[in-house]
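Dear colleague,

I am passing on the structure below, together with notes on what turned up in it. Please read the notes beside the coordinates.

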Amino acid sequence: MRILFVEDDARTADYVSRGFTEAGHVADVLSDGRDALMHGMNERFDVMVIDRMLPGLDGLSLVKALRASGNTTPVLFLTAVGGVDDRVDGLEAGGDDYLVKPFAFSELLARLNALARRPPPTAEKTKLQVADLEIDLIRHACRRGGIAIDLLPREFALLTYLMQNENRVLTRTMLLERVWDFHFDPQTSVVETHISRLRAKIDKPFAKPLLHTIRSTGYSIHA
């Protein structure tokens, strides 16, 4: 593997890079986040190992910038910051794995081998379709049977999530977290209200319903 290793601690950088060499891999070692961003954008790597705390540009910002540029190289965060929220931040920034210091080099290498074996990500769909219902994620347009349907932003987000999970049952909690970003129960009927509005627009004017209520479980969209 060709590895981009970004670590500002000299002892750790030396130890890990020697391990990579002994294992037959080639590692480009950098200590500054800004230098790493330019190097990562201009060179091709199989995997990247990036510390969270870096001079110039922190690890999270570095990975976000790489992802924004279209770089999909697998990234493993290697850091002393190991709280649950910190790991979540790393993954949401675009990281693929997270290893907390101190660590065993054998585990680091095994995780990198696993990341390198992953198939490349496919391009995200910009159009979704269930039966004769279609949405265009770029234009924020919805049509059923060729007829345009006007959806409010939250209705569009709800329908998008349902269609991305065609044939799956989505619970009320899943919808609250994904569509409304609520990580608690607001004790309101916001989900039920929006499902009802959505059903009135995409189902009631047409012969065959697509949006189904699964009693005591949640909702599903399917033909």
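**Helix packing and aromatic pairs**

In H6, Arg-154, Ala-157, Leu-158, Tyr-161 and Gln-164 meet Met-174, Leu-175, Arg-178 and Val-179 of H7, where contact means heavy atoms within 4.5 Å and helices are DSSP runs (H or I, at least four residues) numbered from the N terminus. The residues of this contact divide into 6 nonpolar, 1 polar and 2 charged, with Ala, Val, Leu, Ile, Met, Phe, Trp, Tyr, Cys and Pro taken as nonpolar, Asp, Glu, Lys and Arg as charged, and the others, Gly among them, as polar.

This is a predicted model, in which local features need pLDDT of at least 70 and side-chain atom pairs pLDDT 80 or more, while totals for chains, interfaces and linings use all residues. Residues are numbered from 1 along each chain as its sequence is written, and side-chain values use heavy atoms, without hydrogens or water.

Turning to the rings, which pair if their centres lie within 6.5 Å (planes under 30 degrees apart are stacked, over 60 edge-to-face, the rest tilted), the count comes to 5 aromatic pairs. Tyr-15 and Phe-105 form an edge-to-face pair, at 6.4 Å centre to centre and 75 degrees between the planes, which links helix H1 (residues 10–22) to helix H5 (residues 105–117) across 90 residues. Both Phe-20 and Phe-105 are buried, meaning under 20% relative accessible area, with exposed over 50% and partly exposed in between (1.4 Å probe, protein chains only). Ring pairs link Phe-5, Tyr-15, Phe-20 and Phe-105 into a cluster.

Best regards

Technical notes. Helices (H or I, at least four residues) and strands (E, at least two) are DSSP runs, numbered from the N terminus. Rings of Phe, Tyr and Trp (its six-membered ring) pair if their centres lie within 6.5 Å; planes under 30 degrees apart count as stacked, over 60 as edge-to-face and the rest as tilted.
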